[in-house]
Amino acid sequence: MRCSVPYCRSEASTRGDISFFQYPKPNDDLLEVWIHNCGTKHLSEKLLEKNHLKVCSNHFADSMFLNPTTKNRLVWNAIPTVFNDEIISERLRLAKRQMTHNKKKRRNEKNCRGQ
Ligand SMILES: [Zn+2]
C-alpha cells in the first residue's frame, strides 16, 4: 500500500509505524478539503469511482488522532495538513513548470495566428 499524496514516500512497512486512511466519502464536504490539501485533484475521478486511495498518517497533526500514540484512528472531522519540505518544494517546482509551459504555448498560438 502506498500513500496517494504526490512525492510522499510512505509505504506500508513491516514496522507498522504508519497508518493509512481512506478519503472521506464522496458525499462528505471534507473530501474536497482532503483532495485540495493533498494535491490529488488529478485522482479525484478515481477516488469517486472506487475509494481505494489512502493518505498516510504522516499528513495529520497529532490533534487529528483519537489516539496520538498509535495514530491509527482519526477524529471524524480530521483533515490532512502536514506536508514535508520535499513534498512542498516538488509541488512548487511542478507549478512553476506548468506556468512556463502555458506561457510558451500561448506565445506559439499568437505566432500561428500572425502568420
Ligand atoms: Zn503520505
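Ile 35 lies in helix H1, where helices (H or I, at least four residues) and strands (E, at least two) are DSSP runs numbered from the N terminus. Ile 35 is buried, since 20 other C-beta atoms lie within 10 Å; the label buried asks for 20 or more other C-beta atoms within 10 Å of a residue's own, exposed for 12 or fewer, and partly exposed covers what is in between, with C-beta atoms placed from the backbone. This is a predicted model, in which local features need pLDDT of at least 70 and side-chain atom pairs count only at pLDDT 80 or more, while totals for chains, interfaces and linings use all residues. Residues are numbered from 1 along each chain as its sequence is written.

**Helix H1**
- Leaving out residues up to four places away in sequence, Ile 35 touches Thr 40, Lys 41 and Ser 44; contact here means C-beta atoms, placed from the backbone, within 7 Å.
- The buried residues of H1 are Trp 34, Ile 35 and Cys 38.
- They sit on the same side of H1, because they cover an arc of only 95° around the axis, the arc being that of the directions from the helix axis to the C-beta atoms.
- An α-helix has 3.6 residues a turn, so residues three or four places apart point the same way.
- After H1 comes Gly 39, with a positive phi near 65°.

**The nonpolar core**
- The largest nonpolar core has 12 residues in all, among them Cys 3, Phe 21, Trp 34, Ile 35 and Leu 53; such a core is a set of buried Ala, Val, Leu, Ile, Met, Phe, Trp, Tyr and Cys residues joined through C-beta atoms within 7 Å.
- Helix H1 (30-38) and strand E2 (54-56) are the elements that give two or more residues to this core, and H1 gives the most, with 3.
- Leu 53 is found in the loop between helix H2 (44-49) and E2, and is buried, with 21 other C-beta atoms within 10 Å.
- Beyond four places in sequence, Leu 53 touches Ser 4, Tyr 23, Leu 43, Lys 46 and Leu 47.
- Counted the same way, the contacts of Cys 3 include Cys 8, Phe 20 and Val 55.

**Two domains**
- The chain is assigned domain 1 (1-83) and domain 2 (84-114), with bounds from an automatic or database domain assignment.
- Taken over C-alpha atoms, the domain centres are 28 Å apart.
- In the contact between them, 5 residues of domain 1 meet 6 residues of domain 2.

How values were computed:
Two residues are in contact if their C-beta atoms, placed from the backbone, lie within 7 Å.
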